[in-house]
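This report walks through one protein model for a reader who has not seen it before. It begins with a single residue and its surroundings, then widens to the whole chain.

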Amino acid sequence: MISFVKGPVAEMTEDSVVIECGNAGYEIFVPVSVIGKLPGIGREVKLYTYFQGREDAMFLYGFLSRQDLTMFKQLI
């Protein structure tokens, strides 16, 4: 399981961020509220993550705090 991803922000969209970590870029889907709190491109960030694997897709969701991640897990 991927507990968190830490590294520089490589790209941002309206609902996801790409974090460079170990010569790989991890696309992490985040709430809109997180996008507004992220540092700029090239700045380091740490996101606590939840991995969801389905038959047709895999998703990685990210949050700035463990508390937000715990709330997300309770909601799903």
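In this predicted model, Val9 makes contacts beyond its neighbours within four places in sequence: its partners are Val17, Val18, Ile19, Pro39, Gly40, Ile41, Gly42, Arg43 and Val45.

Val9 also belongs to the largest nonpolar core, as do Val17, Ile19 and Val45, which were named among its contacts. Two or more core residues come from each of β1 (4-12), β2 (16-21), α1 (32-35) and β4 (44-53). In soluble globular proteins, nonpolar side chains tend to be buried together.

These elements are part of a fold with 2 helices and 5 strands. Along the sequence the order is β-β-β-α-β-β-α. Of the contacts between residues at least 6 apart in sequence, 41% join residues at least 24 apart.

How does the radius of gyration agree with that of a compact globule? A compact globule of 76 residues would have a value near 11 Å, and the protein has 12 Å, so the two agree. The C-alpha trace spans about 30 × 25 × 20 Å along its principal axes.

Of the 76 residues, 29% count as buried. The accessible surface comes to about 5100 Å², and carbon and sulfur atoms account for 51% of this area. As for charge, there are 7 positive and 9 negative side chains, with the centres of the two sets 13 Å apart.

| Residue | Location | Relative accessibility |
|---|---|---|
| Asn23 | loop between β2 and β3 (24-29) | 78% |
| Met58 | strand β5 (residues 58-63) | 64% |

Is Asn23 buried or exposed? Asn23 counts as exposed because its relative accessibility of 78% is over the 50% cut-off. Its backbone also deserves a note: Asn23 has a positive phi of about 60°, although it is not a glycine.

Met58 has a relative accessibility of 64%, also over 50%, and therefore counts as exposed. Which residues does Met58 touch, leaving aside its neighbours within four places in sequence? Met58 is in contact with Phe51, Gln52 and Gly53.

How values were computed:
Residues are numbered from 1 along each chain as its sequence is written. This is a predicted model: local features need pLDDT of at least 70, side-chain atom pairs count only at pLDDT 80 or more; totals for chains, interfaces and linings use all residues. Side-chain values use heavy atoms; hydrogens and water are left out. Helices (H or I, at least four residues) and strands (E, at least two) are DSSP runs, numbered from the N terminus. The radius of gyration is taken over C-alpha atoms; the globule rule is 2.2 Å times the number of residues to the power 0.38. Buried means under 20% relative accessible area, exposed over 50%, partly exposed in between (1.4 Å probe, protein chains only). Contact means heavy atoms within 4.5 Å. Accessible areas come from the Shrake-Rupley method with a 1.4 Å probe; for residues, only the protein chains shown count as cover. Lys and Arg count as positive and Asp and Glu as negative; His and the chain ends are not counted. The place of a charge is taken as NZ of Lys, CZ of Arg, CG of Asp or CD of Glu. A nonpolar core is a set of buried Ala, Val, Leu, Ile, Met, Phe, Trp, Tyr and Cys residues joined through side-chain atoms within 4.5 Å.
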